Amino acid sequence: MFGLFRKLREAFTAGATNTGNVTATIGDKLVLNWHGTPSQKDGVLQMLPRLRDSMMPDAELGSFADGVIASVNDDGMSSDSTGNNIQTIAMLWRVFTTRLDEGTYGDLIDRANMHCAFQLHEQPGDQFKITWKISVMRGRTA
């Protein structure tokens, strides 16, 4: 009986110590609150290229991600689950692939919580530019 409790405590501790949280806003509106592990981060990094290949194969990954992020409207994320998932993956991909010192912000997912503030800048001729700023709240050390 006590062995089971010890295993449950060890599993909980392992799960609680290798996860991070990513929140994101567009403008002043909270649009994302994701909680995940490094392996889930790796899944996001693998999924965006596949989505791009099926939806816009000629687009550069960053441009594709920015276009998907720009599709978040004033009411928030897409109301259908497929669109919502694609928007989530695009925002997480931007966070996880943004360079930081000797790595990326994605390298911190097991020991930090992050917030990304996305901004949509409309340009002439129906063009746009997406910018973002990531803030990190470091937690435990690896």
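Me: What percentage of the 142 residues of the protein count as buried?
Reply: The share that counts as buried is 39%, where buried means under 20% relative accessible area, exposed over 50% and partly exposed in between (1.4 Å probe, protein chains only). The model is predicted, so local features need pLDDT of at least 70 and side-chain atom pairs count only at pLDDT 80 or more, while totals for chains, interfaces and linings use all residues. Residues are numbered from 1 along each chain as its sequence is written, and side-chain values use heavy atoms, with hydrogens and water left out.

Me: How many helices and strands does the protein have?
Reply: There are four helices and six strands, taken as DSSP runs numbered from the N terminus (helices: H or I, at least four residues; strands: E, at least two). Along the sequence they follow the pattern α-β-β-α-α-α-β-β-β-β. Among contacts in the protein with a separation of 6 or more, 55% are between residues 24 or more positions apart, contact meaning heavy atoms within 4.5 Å.

Me: Why is the pair of Trp34 and Phe96 called edge-to-face?
Reply: The rule pairs rings of Phe, Tyr and Trp (its six-membered ring) if their centres lie within 6.5 Å, and planes under 30 degrees apart count as stacked, over 60 as edge-to-face and the rest as tilted. By this rule the count comes to one aromatic pair. The ring centres of Trp34 and Phe96 are 5.5 Å apart and their planes stand at 65°, so the pair is edge-to-face. Trp34 lies in strand β2 (residues 29-36) and Phe96 in helix α4 (residues 81-97), 62 residues apart, and the pair thus links distant parts of the chain.

Me: What makes Trp34 count as buried?
Reply: The relative accessibility of Trp34 is 14%, so Trp34 counts as buried.

Me: Why are α2 and α3 described as roughly perpendicular?
Reply: The axes of helix α2 (residues 38-55) and helix α3 (residues 61-70) come within 10 Å and cross at roughly 85°. Angles of 65 to 115 degrees count as roughly perpendicular, under 35 as roughly parallel, over 145 as roughly antiparallel and the rest as oblique, and α2 and α3 are therefore roughly perpendicular to each other. From α2, Leu48, Pro49, Leu51, Arg52 and Met55 make the contact, and from α3, Leu61, Phe64 and Ala65. The residues of this contact divide into seven nonpolar, no polar and one charged.

Me: How do you know that Arg52 is buried?
Reply: The relative accessible area of Arg52 is 14%, and Arg52 is therefore buried. Arg52 belongs to helix α2 and touches Pro57, Ala59, Glu60, Leu61 and Phe64, not counting residues up to four places away in sequence.

Me: What makes Val31 buried?
Reply: Val31 has a relative accessible area of 12%, and so is buried. Val31 is placed in strand β2. Not counting residues up to four places away in sequence, Val31 touches Ala24, Thr25, Ile26, Val72, Gly76, Met77 and Met91. The C-alpha atoms of Val31 and Met77 are separated by 6.2 Å, although these residues are 46 residues apart along the chain.

Me: Why is Asp101 called exposed?
Reply: With a relative accessible area of 73%, Asp101 is exposed. Asp101 sits in the loop between β3 (99-100) and β4 (103-104). Phi of Asp101 is near 50°, a positive value in a residue other than glycine. Most residues other than glycine have a negative phi.

Technical notes:
Axes fitted to C-alpha atoms, helices over the stretch in contact; angles between N-to-C directions. Nonpolar A, V, L, I, M, F, W, Y, C, P; charged D, E, K, R; others polar.
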